[in-house]
Amino acid sequence: MRAFAKKDFPVSKIRRFLEPGPIVLVSSAWKGETNIMTMGWHTVMEFEPSLIGCMISSGNRSFGMIRTSKQCVINIPTFDLAKQVVGIGNCSGTEVAKFEKFELTPVKGTKVEAPLIKECYANFECRVVDASLLPKYSFFVLEVVKAHAAASPKVPRTIHYRGDGQFMVSGREVSFRKLFRPENL
Ligand SMILES: Cc1cc2nc3c(=O)[nH]c(=O)nc-3n(C[C@H](O)[C@H](O)[C@H](O)COP(=O)(O)O)c2cc1C
């Protein structure tokens, strides 16, 4: 096994190692308006009910729309949408109609009013189930109440933000399934 020689690393930048869950697009709707934002700061919290926690800055237009409507959709984009993902994260719904500008197609959900993004590989319809950490951390706890995922390709080429404008693109799959306790799979 390899032993790594290390140097001090800035604590403020450790997110570059922890963050690489897939970048997601969060869509929302309120009073006839729709919006999309790019989000990297999210985490799985529970299997059942299916809970996701995420940090959405209170300065974002999406924050108010999601807090008031108590709903949103988490959409999983793939590599082909990388430029839109960056563009959507670099402008605000207060100035830009993002579905039109980024040529994305809103699709009606089944359980929430927020639109699904047709061009994304998977869409998770969510309800806000705990807003108690909003004042201190802008942290939403969401329950996924309906999920839609493409069957092909089997493994999507998701993109993973590493900070400083750098993305990793998901690649080689390796299975260690035989080493797992079944309940941990
Ligand atoms: C790669 C990337 C990741 C981002 N991750 C987050 C995040 O996790 N939380 C957040 O509040 N903003 C995040 N942002 C910033 C928002 O997407 C950005 O502020 C956006 O303009 C908000 O749009 P809105 O005002 O229409 O809601 C990210 C932006 C990029 C480009």
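Val 174, Phe 176, Leu 179, Phe 180 and Leu 185 make a nonpolar surface patch of about 540 Å². Patches are made of residues with over 30% relative accessible area and no salt bridge, where like charges are joined within 9 Å and nonpolar side chains (Val, Leu, Ile, Met, Phe, Trp, Tyr) within 5 Å. A salt bridge here is a side-chain nitrogen of Lys or Arg within 4 Å of a carboxyl oxygen of Asp or Glu. Accessible areas come from the Shrake-Rupley method with a 1.4 Å probe, and for residues only the protein chains shown count as cover.

Leu 185 is partly exposed, with a relative accessible area of 47%. Buried means under 20%, exposed over 50%, and partly exposed in between (1.4 Å probe, protein chains only).

## How to read this model

This is a predicted model: local features need pLDDT of at least 70, side-chain atom pairs count only at pLDDT 80 or more, and totals for chains, interfaces and linings use all residues. Residues are numbered from 1 along each chain as its sequence is written, and side-chain values use heavy atoms, with hydrogens and water left out.

## Helix H2 and its cover

Helices (H or I, at least four residues) and strands (E, at least two) are DSSP runs, numbered from the N terminus. Helix H2 spans residues 61-69, and Ser 62, Phe 63, Met 65, Ile 66 and Ser 69 are buried in it. The cover over these buried residues includes strands S1, S2, S5 (71-76), S8 (122-130) and S9, along with helix H5 (134-137). Contact means heavy atoms within 4.5 Å. After H2 comes Lys 70, with a positive phi near 60 degrees.

Most residues other than glycine have a negative phi, and most peptide bonds are trans. Which peptide bond is cis, with omega near 0 degrees? The bond from Glu 48 to Pro 49 is, and Pro 49 lies in the loop between strands S3 (42-46) and S4 (51-55). The bond from Ser 152 to Pro 153 is also cis, with omega near -5 degrees; Pro 153 is in the loop between S9 (139-149) and S10 (159-161).

Lys 31 is not a glycine, yet has a positive phi of about 50 degrees. Look for Lys 31 in the loop between S1 (24-30) and S2 (33-39), where Lys 31 is exposed, with a relative accessible area of 74%. Asp 164 has a positive phi of about 55 degrees and sits in the loop between S10 and S11 (167-169). Asp 164 is exposed, at a relative accessible area of 66%.
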